[in-house]
Amino acid sequence: MIKLEEPNTPAFLKMGFFGNTGTGKTFTAAKVLSQFIRDYCPDKQLAFYDTEPSAGYVKDMVKQITGKPLLAIHSRSFSDLVQFMDLCRDKGHVALIDSITHPWRTLVDDYLAAKRSRVTGAGGNAANTRLSLKDWGPLKEMWGVFSSKFAWEPVHSCIVGREGDVWETVDDDEGVGEMKKTGVKMKTETETGFEPSLLVQMKSINSKHYAYVMKDRFDILTFKTSDPEPDIEFFRPHIKMLNLKGSGYTENKPEPVFRNAPGPNYETIKMKRSAILESIKDDILLIYPGQTTEEKKAKVKLLRDVFGTSSWIELEGDMKNHTIDKLEEGRVVLQEKLKESNG
């Protein structure tokens with residue numbers, strides 16, 4: 001039975017900085033976190049997950065402000081990032097992650113390399129292997145391990161990322177859709193930019209660095225711009241709203257909804273059919289990886305011989321005539337035909 005209570009005031013600083021090259025992201029983040037330690041938690045030490053690497057350029061400033069040496073790990077590994085967050089929690093460090101863009105890219109590259117390795121092991125052409133829609137689910141689930149730690153762990157944390165563009169389809173005067181840049185975001189996994197409670201875009205104007213607050217969950221600094229070369233004073237109104245002596249939140253882990261369900265539901269059936277169809281695609285791709293006229297004809301003939309149709313839309317949408325059992329039986333027949341054609 002769930003229990004409703006008055007929420008606690010957040011107890012931990014969760015910041016995010018992003019911007020283009022030369023806008024002062026790293027320097028400003030390191031300076032503000034060092035001043036935060038000096039003013040609010042002098043017993044703590046700043047720990048830097050460094051992907052650039054750039055920690056060496058700010059270590060003297062950090063020590064001058066905090067009185068303690070900067071700690072750092074130089075890595076772009078996602079697993080190192082997760083361990084870094086655990087270490088900061090266990091040791092009570094303040095965490096600075098710069099740049100969050102790199103471990104996300106590394107995670108995607110590692111996943112793709114593993115997928116290509118599987119295709120090669122099955123005798124296929126890894127050069128044609130790309131990430132498909134079904135791959136983003138497990139990737140986002142894995143990335144969520146870090147996102148959950150950033151949002152929920154009792155650690156003062158700051159992520160720094162590169163700036164990316166937001167593109168949307170916008171109708172012109174004649175009602176024709178065209179892609180236009182409609183904003184900016186942190187260049188990393190799509191949802192990560194939503195995690196910080198204080199999200200700051202750094203800008204360089206006339207050789208000066210400015211901080212523009214895109215989001216303040218207390219709504220004190222939202223849409224405000226700092227004076228040149230900002231420090232903790234600009235962000236102090238947000239910090240003062242935190243209950244820094246509190247314990248923060250405890251995440252309520254959800255119970256599985258379908259654990260005791262009597263049988264597969266519609267979504268489960270749909271996902272299983274989708275997985276079988278993706279496997280059928282991969283089976284064909286391993287033998288016919290190209291797009292020549294002959295290969296296209298061979299693929300069409302295979303599908304019609306085995307499933308009675310070459311329409312992928314029909315295979316995906318007609319759950320009555322193309323049941324899971326029929327798709328699985330068809331895949332067995334398909335594999336035999338592919339072996340014959342491969343000689």
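Here is a short chat about helix packing, a strand and a loop residue in a predicted model.

Visitor: What makes up the contact of α1 with α6?
Guide: From α1 come V32, Q35, F36, R38, D39 and Y40, which meet I232, F235, R236, I239 and K240 in α6. Sorted by type, the residues of this contact are 6 nonpolar, 1 polar and 4 charged.

Visitor: Which residues meet where α8 packs on α10?
Guide: On the α8 side you'll find L302, D305, V306 and F307; they meet K326, L327, G330, R331, V333, L334, K337 and L338 in α10. That contact divides into 7 nonpolar, 1 polar and 4 charged residues.

Visitor: How do you know that β1 is largely enclosed by the rest of the structure?
Guide: Buried means under 20% relative accessible area. In strand β1 (residues 14-19), 6 of the 6 residues are buried, so the strand is largely enclosed.

Visitor: What makes you say both faces of β1 are covered?
Guide: In a regular strand, side chains alternate between the two faces of the sheet. Here K14, G16 and F18 are on one side, M15, F17 and G19 are on the other, and all are buried.

Visitor: In what sense do β1 and β7 pair?
Guide: Parallel: β1 and strand β7 (residues 198-205) pair over 5 bridges. Have a look at G19, which stands opposite M202 in β7.

Visitor: Why is N243 called partly exposed?
Guide: Buried would need under 20%, and exposed over 50%. N243 has 37% relative accessibility, so it counts as partly exposed. You'll find N243 in the loop between α6 and α7 (266-287).

Visitor: What does N243 touch, not counting residues up to four places away in sequence?
Guide: N243 touches T9, P10 and A11. As for L13, N243 is 230 residues apart from it in sequence, yet the two are 9.6 Å apart in space, C-alpha to C-alpha.

Conventions:
Residues are numbered from 1 along each chain as its sequence is written. This is a predicted model: local features need pLDDT of at least 70, side-chain atom pairs count only at pLDDT 80 or more; totals for chains, interfaces and linings use all residues. Side-chain values use heavy atoms; hydrogens and water are left out. Contact means heavy atoms within 4.5 Å. Helices (H or I, at least four residues) and strands (E, at least two) are DSSP runs, numbered from the N terminus. Ala, Val, Leu, Ile, Met, Phe, Trp, Tyr, Cys and Pro count as nonpolar, Asp, Glu, Lys and Arg as charged, and the others, Gly among them, as polar. Buried means under 20% relative accessible area, exposed over 50%, partly exposed in between (1.4 Å probe, protein chains only). Two strands pair if DSSP finds at least two bridges between them.
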